[in-house]
Amino acid sequence: MSTLLLLIITGLGLGALYFLVASGLSLIYGLMGVLNFAHGSFLTISAFLGWEVGRRVSDGTWAGLAISAVVGMLVGAVVAAATEYLLIRRLYERHIEQALVTVGLALASVALFEGIWGTDPIYTQKPEWLGQTTEILGAKIPNDRFLLIACAALVLGGIVLFLQRTRYGLIIRAGVENRSMVTALGIDVRRSFTIVFAIGGAAAGLGGVLASVYYGYVSAHLGSVLLIFAFIVTVIGGLGSLTGAAIASVLVAVLQQFANYYLGGTGDLVVVIALAAVLLVRPRGLMGKVA
Amino acid sequence: MTEPILVVDRLSGRIAGQQVVEDVSFDVPALGVTALLGRNGVGKTSTIKSILGLIERTGEVRLAGTRVDRLPTHRIVQRGVGYVPEDREVFGALTVGENLRLAERDDRPRRDLVERLFPDLVERRAQRAGTLSGGQQQMVSLARALVNENRLLLVDEPTKGLAPRIVDEVAAALAEAAKTVPILLVEQNLHVVRALAERVVVLSGGRVVFTGSASDLLDDDDRIRRYLGVHDATSEGRSR
């Protein structure tokens, strides 16, 4: 029982990280049809700069972590918005060029990060409580999992509120369904594109800072590793569906944890098999719209 | 004579490299309903989309004397063009209220008019538009255009696939709207054209082949057969 609980909560924590990256990917694809391979770079730069600022202010404390998180979100939002404005905007409806540019940006940024921070992981300090465990029904749960789950829940709630309660949210929801009709109502949908990139970048930025807490280090490849699983989550959840991304994040991460524990470390393989199964049985994903 | 609200001059349109509208020229008077007619597939919807810039186009489009063919779609619409697309294109995941709120272009929406013309929509404000019947979705689509003060309405096949009772309601709503705003109407139903339109523009093979008063076309069975490939039952009824 305690092992099951540990696997589930650890899976939820990892799923929270996946969701923070996948939420932006899914919204960006849903509204703009852009598969953003540079999304992992938003996460990595945010993790590095969040760590750089946080450790200078107060390393290994809650205050330092809070500052890292704020810096990470700001950096993620600004870098993502700038990427959309400077690079992607000229390439809407040109999918091959978009893929080439975002893949190129991802590769170049990893090289840049390695040039600045080196190729080895840099181990980070975290508040003492996050390094401890809490016993629930006999399972010793690492406390950082609770932080990850709480942050992802807050981000999900925040994005849902934004989408449901604001005019831009309304435009984005309509744009995900039928972008040209939004334009035909007299709305400049491109402004929403930048906002969606910024929101996705902020969520990925927070994900970067929390990933450094979860893994205990920052590295130039942090974003690339998480991006692969975030793409899998986005496809399984249904491209463009935020709820689908949230559900698939949890399913994928929990499945991964169970397979790692019970099937001899085959978590990654099982996740890829799950992706193939979903693509075969339900190509639009769990909650994706019918093409 | 007043200046036309819309002048289309040598307009051509392409979809995925394929020419769908070729050198089309006509104008829409500042009052009344002008029907854009033609057989299936002649490019009526593509002409409307070309005017709005929803597809790749060349040629001139003037709205109230100002060229708009170099503007993106949203800027053309902001200049006072309401659009009711073929197949309604309501946002199915949004509620009726959200569909209407999204369409409001300024802080003076004509909600009273919409509520008067489509009382059913008031009751269904919280209902998802995707769960409405085809007729109700058409009401939402029309209401989205009428909720704003427009200089021109582009209405594309508003009665397509609707039950006769709903067709009458849609025609009544358009007649009401036409009292205050000129309409360019694409319509296959000649009963509706006869009831609403003063002028007609007929397309064939992507080009304009007839422009004139509605009665000049609709009272001439030979022209109807030649241009539209149909027999007008309304004219038969009239002649009895």
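Which residue in β8(B) is the bridge partner of B:Asp156? In this predicted model, the bridge partner of B:Asp156 in β8(B) is B:Val186. This briefing begins with the strand that holds B:Asp156, then turns to one of its residues, to another strand of chain B, and to the contact between the chains.

**Strand β7 of chain B**

- Strand β6 of chain B, residues 81–84, pairs with β7(B) in the parallel sense through 4 bridges.
- Within β7(B), B:Leu153 is the residue that stands opposite B:Gly82.
- Strand β8 of chain B, residues 183–186, also pairs with β7(B) in the parallel sense, over 4 bridges.
- Together with helix α7 of chain B (residues 164–178), β7(B) and β8(B) form a right-handed β-α-β unit.

- B:Leu153 belongs to strand β7 of chain B.
- There are 24 other C-beta atoms within 10 Å of B:Leu153; the cut-off for a buried residue is 20 or more, and B:Leu153 is therefore buried.
- B:Leu153 and B:Tyr83 are 70 residues apart along the chain, yet their C-alpha atoms are separated by 5.9 Å.
- When neighbours within four places in sequence are left aside, the contacts of B:Leu153 are B:Gly82, B:Val84, B:Ala145, B:Ala177, B:Val181 and B:Ile183.

**Strand β9 of chain B and its partners**

- Strand β9 of chain B spans residues 197–204; because 6 of its 8 residues are buried, the strand is largely enclosed by the rest of the structure.
- One partner of β9(B) is strand β3 of chain B (residues 33–38), with which it pairs in the parallel sense over 6 bridges.
- In this pairing of strands, B:Gly38 has B:Leu203 of β9(B) as its bridge partner.
- Another partner is strand β10 of chain B (residues 207–213), which runs antiparallel to β9(B) and is joined to it by 6 bridges.
- B:Leu203 also stands opposite B:Val208 in β10(B).
- The hairpin of β9(B) and β10(B) has 2 residues between the strands, and B:Gly205 takes a positive phi near 60° in this hairpin.

**Where chain A meets chain B**

- Chain B gives 19 residues to the contact, and chain A gives 14 residues.
- On the side of chain B that touches chain A, the elements giving two or more residues are α2 (73–78) and α3 of chain B.
- By class, the residues on that side of chain B are 10 nonpolar, 4 polar and 5 charged.
- Helix α6 of chain A (residues 167–177) packs with helix α3 of chain B (residues 96–103) at an angle of about 105°, and their axes are 10 Å apart.
- Because of that angle, α6(A) is roughly perpendicular to α3(B).
- From α6(A), the residues A:Leu170, A:Ile171 and A:Ala174 meet B:Glu98, B:Arg101 and B:Leu102 of α3(B).
- The contact of α6(A) with α3(B) comprises 4 nonpolar, no polar and 2 charged residues.

Conventions: Residues numbered from 1 in each chain as written. Chains lettered and ligands numbered in written order. Predicted model: local features only at pLDDT ≥ 70, side-chain atom pairs only at ≥ 80, totals over all residues. Buried ≥ 20, exposed ≤ 12 C-beta atoms within 10 Å, placed from the backbone. Pairing = 2+ DSSP bridges. Axes fitted to C-alpha atoms, helices over the stretch in contact; angles between N-to-C directions. Parallel < 35°, antiparallel > 145°, perpendicular 65-115°, else oblique. Contact = placed C-beta atoms within 7 Å. Nonpolar A, V, L, I, M, F, W, Y, C, P; charged D, E, K, R; others polar. Right-handed = clockwise from strand over helix to strand, strands pointing away.
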